Amino acid sequence: MSYNLNSIFSAVIFKTLAQVDLPGGSNQHEINGDNAVKEFFETDQPISGIINWHYFSDEADTLQSTGNFKFYDARAKSAERTGRSEWRMYYTGEFISCATPGDVLVLARTLGGEIFGLVFQNNSSWLRTARVLFQLEDATPRMQLITGEDLQGLELEFAKRQILEELGIEVSIPISEDDDEIAVRELALANAEGRNFPSARRMAELAQSLVDINLQDADATLVAFIDREERVFRAIEKILVTVKLTEGFSSVDDFISYSLSVQNRRKSRMGLALQNHLSRIFLDNQLMFGAQVITEGRNKPDFIFPGNREYHNSDFSAELLVMLAAKSSCKERWRQILDEAERIPNKHLCTLEQSISVDQTRAMAGRNVTLVIPSAFHTTYTEAQQKNLWSINQFVDYVRFLQNQ
């Protein structure tokens, strides 16, 4: 089941920010409103509302803020007499002051009418993700419009949904009747086992049973596994959350606690899903491996190839040993894997994270860490970075080669 970007956004506009757009370069917090902005708001009348600002840079955590905006004709009083209008978008707050000329501004309007102001640092990994997501052409100082019709042609596959989540935009995954039927059945089984949610292993096995496995394309298979599990997971979650909302909450603290539990379950589940699906791919490719093998200092690497016995056998050549860590997102956590297997100096790390910064991938390479990433995600990296990325297929072939020695 696929759907497009226009299932979330009705319109998108973008431009390169110039000094005149920024506080300090302009006496007021305004962005000139040309025809593209008018079409974005779908009005030739003044309009105001709330804007959700986000600033993305590689050097710091994402900054977020909420402000107000007003789209209006600054020459409205004289327009009838002169026949000239001058539309501007005025915004409140100092949020955009952290931007610099050359950064790219993306305004996105959701189907529900929410306005997102996304500012991407020039030449950043975040800007690369935005270009992939919205298929941005080279930004110019003038606003460019991406209409709902254009967005309809942009399929929102799993990789792009991950980008949206990184951008802090909640993605509502359409649920099919099949997903609903599976969710009801699996919840009944989980309840019979005394659970309120199917186990991570059961979710993985279920997703794998619903996907056509292609041994020649481990990358596509892994993404299909994870995508299918995500759809079923959201269908089950929808049922459980609806029941809880119907029951109500005893206090604000009760509501906040439940909301956090939902978010934490989503995050923790993805890491386990990645490990479970990689295990299936390795088994189907007849690779020998051990999962959660205990090494030095009670560390437990996610995967050791060929396995536990070989790793702890000093007569077995270390050159034939491979370690793979699996983290759905790595951020700074990648350093945790460095001491997990002392016999294996060159580590491999499989992640679903997209567009890791150049500085971070350079640091990983400096510590002999090779990134293993589904090939569909490679386009969010620079050409130079891509030369050092491995696909899942490449990793499988490498381990198979060693195990054939």
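Which residues form a nonpolar patch on the surface? Val252, Phe255, Ile256 and Leu260 do, with about 380 Å² of accessible area together. This is a predicted model, where local features need pLDDT of at least 70, side-chain atom pairs count only at pLDDT 80 or more, and totals for chains, interfaces and linings use all residues. Residues are numbered from 1 along each chain as its sequence is written, and side-chain values use heavy atoms, with hydrogens and water left out.

Back to the patch. Patch members have over 30% relative accessible area and no salt bridge; nonpolar side chains (Val, Leu, Ile, Met, Phe, Trp, Tyr) are joined within 5 Å, like charges within 9 Å. A salt bridge puts a side-chain nitrogen of Lys or Arg within 4 Å of a carboxyl oxygen of Asp or Glu. Areas are Shrake-Rupley, 1.4 Å probe, and for residues only the protein chains shown count as cover.

Leu260 sits in helix α9, residues 252-284. Helices (H or I, at least four residues) and strands (E, at least two) are DSSP runs, numbered from the N terminus. Leu260 is partly exposed, at 44% relative accessible area. The cut-offs: buried is under 20%, exposed over 50%, partly exposed in between, with a 1.4 Å probe and protein chains only.

Next, the cavity. On a 1 Å grid over the protein atoms alone, a 1.4 Å probe fits in a cavity but cannot get out; a pocket is an open set with protein on both sides within 12 Å along at least five of seven lines; lining residues have an atom within 4 Å of a point. Points are joined across faces, edges and corners, and volume is the space filled by probe spheres set on them. There is 1 cavity of 30 Å³ or more. The largest cavity holds about 40 Å³. Its lining includes Ile213, Phe225 and Asp284. Helices α8 (218-247) and α9 each supply at least two lining residues. The largest share, 3 residues, comes from α8.

Now the second largest pocket. It has about 530 Å³ of space. Its lining counts 24 residues, with Asp58, Trp126, Lys331, Glu353 and Gln360 nearest the centre. Two or more lining residues come from each of α3 (125-134), α5 (158-166) and α11 (358-366).

Trp126 also touches Ser57, as does Gln121, leaving out residues up to four places away in sequence. Contact here means heavy atoms within 4.5 Å. Ser57 is in the loop between β3 (47-56) and β4 (63-73). Is Ser57 buried or exposed? Buried, at 9% relative accessible area.

Last, Met89, in strand β5, residues 87-91. Met89 is buried, at 2%. Beyond four places in sequence, its contacts include His29, Phe41 and Leu107.
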